[in-house]
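Here are some quick notes to read with the structure open beside you. Have a look first, then see what you make of the points below.

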Amino acid sequence: MGLDGVSAGSADEVLTQFQENLPQYDDFKRIVLDEVPLMDVRAPVEFAQGAFEMATNLPLMNDAEREAVGRCYQQQGHEQAVKLGHRLVNQATRAPRLAAWQAFMNAHPTAMLYCFRGGMRSKIAQQWLADSGYTLPRLKGGYKAFRRYLIDFLEAVPQAFQQAGIRPQVLAGRTGCGKTLLLKRLRNQVDLEGLANHRGSAFGRHVSPQPTQINFENALAMALMRFQSQNYNTLVLEDEAANIGSVSIPKGVFDFFKSGGHVVLEATLEARLAITHEEYVVQAQAEYAQFDDWAQFMTHAFERIRKRLGGERYQRVLTYFDQACQQQRQQGVLDGHYAWIEVLLTEYYDPMYDYQIRKKQRKVDFSGDSQAVSDYLNNALTVSERD
């Protein structure tokens with residue numbers, strides 16, 4: 001079997017015979033809410049550019065095969081491209097790919113599949129699976145249609161959420177006060193930093209890469225769609241800039257987030273030091289295979305904010321950091337890192353926070369410690385939501 005529905009000359013060009021009415025599916029909202037497993041049969045290079053969080057890439061053609069068929073199509077037309085595809089994806093090369101699809105279906109019986117436009121590639125994979133006893137729908141319109149649906153949803157979020165009576169509530173506070181920790185304890189929240197895979201600061205990069213902008217938008221749309229389905233009347237979000245690392249929140253959605261209430265989480269300096277040390281030293285180091293890799297990343301991060309720190313403060317922070325690293329290497333203790341953390345919190349981040357507060361002059365709906373803020377935000381739920 002090959003890449004079209006017509007017989008051809010050689011054994012490697014025996015083409016797929018399609019059944020009529022192979023099932024298609026386009027209830028994209030249900031796919032999101034049910035978190036339906038998806039099999040993406042596009043080439044790896046396409047998957048890397050943009051996909052969906054429930055998707056696994058099991059391509060019909062690899063990158064080189066896709067490129068060769070595409071070049072043939074441009075130069076010689078559809079018929080010759082189809083024949084080339086049959087020779088490349090012949091019986092021998094098809095077997096391991098079909099086996100991978102079957103294994104995926106065995107693990108995910110409710111799965112669906114897609115290619116770029118829901119056309120030939122996904123239809124071929126669907127038919128090959130059907131021939132081996134597996135039935136699954138393909139997404140009507142493929143990746144392109146699903147992606148369009150998510151973009152349209154994001155663009156409609158401000159109006160749709162307002163009409164539904166959903167009010168955003170921004171959780172603010174000084175660096176290290178534990179906003180993310182509190183946010184994760186709430187039901188009615190969306191974790192923007194989690195979706196962006198970034199802690200939202202100069203030191204916030206994780207070892208694992210951030211999603212592409214396309215993937216971030218896809219994930220954000222899905223998170224907001226799932227939130228909307230739960231009928232909360234308050235959406236809690238951490239106070240973020242429009243850009244979180246290398247990805248950005250679409251302007252309309254960002255403006256809507258900022259239009260709601262403002263809650264400030266307060267914490268003592270001692271608590272902030274402990275939280276920052278745990279997140280940016282203990283947990284961050286655990287992501288790296290070698291301690292020196294983390295130390296190098298931190299040194300580069302200090303360099304990125306050198307001008308804003310100022311020469312004297314930069315040298316002081318770097319000295320404290322080098323001393324802490326030396327102590328950790330020699331004694332295996334991490335307490336020395338508190339020194340440079342305290343300088344950054346009190347002499348760099350706090351003045352920036354105070355400046356932004358004065359500049360924005362936003363009305364604060366509520367402020368308090370972690371327990372008080374948690375109680376306030378939970379009380380913002382409706383009675384039915386608390387039950």
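**Notes on the strands and cores**

1. Strand E6 (residues 167–173) runs parallel to E10, and the two pair over five bridges. Keep in mind that this is a predicted model. One of the contacts to look up is alanine 172, whose bridge partner in E10 is valine 264.

2. E10 also pairs with strand E11 (residues 366–368), again in the parallel sense, over three bridges. Here valine 263 has phenylalanine 366 of E11 as its bridge partner.

3. How many of the residues of E10 (residues 261–265) are buried? Five of five. In a regular strand, side chains alternate between the two faces of the sheet. For E10, both faces are covered: Gly261, Val263 and Leu265 are buried on one side, His262 and Val264 on the other.

4. Moving on to the largest nonpolar core, it has 41 residues, and Leu38, Phe146 and Leu224 touch the most other members. Helix H7 (142–163), H10 and strand E7 (234–238) are among the elements that each supply at least two residues. H10 gives the largest share, eight residues.

5. Setting aside neighbours within four places in sequence, Phe146 is in contact with Phe28, Ile31, Val32, Leu38, Phe52, Leu139 and Met222. There is also a second, separate core of 27 residues, including Tyr288 and Leu345.

6. Asparagine 218 sits in helix H10 (residues 213–229). Asparagine 218 counts as buried because its relative accessible area is 2%, under the 20% cut-off. Beyond residues up to four places away in sequence, asparagine 218 touches Ala51, Phe52, Tyr143, Arg147 and Leu150.

Methods
Residues numbered from 1 in each chain as written. Predicted model: local features only at pLDDT ≥ 70, side-chain atom pairs only at ≥ 80, totals over all residues. Heavy atoms only, no water. Helix = DSSP H or I, 4+ residues; strand = E, 2+ residues; numbered from the N terminus. Buried < 20%, exposed > 50% of the residue type's maximum accessible area, 1.4 Å probe, protein only. Contact = heavy atoms within 4.5 Å. Core = buried A, V, L, I, M, F, W, Y, C linked by side-chain atoms within 4.5 Å. Pairing = 2+ DSSP bridges.
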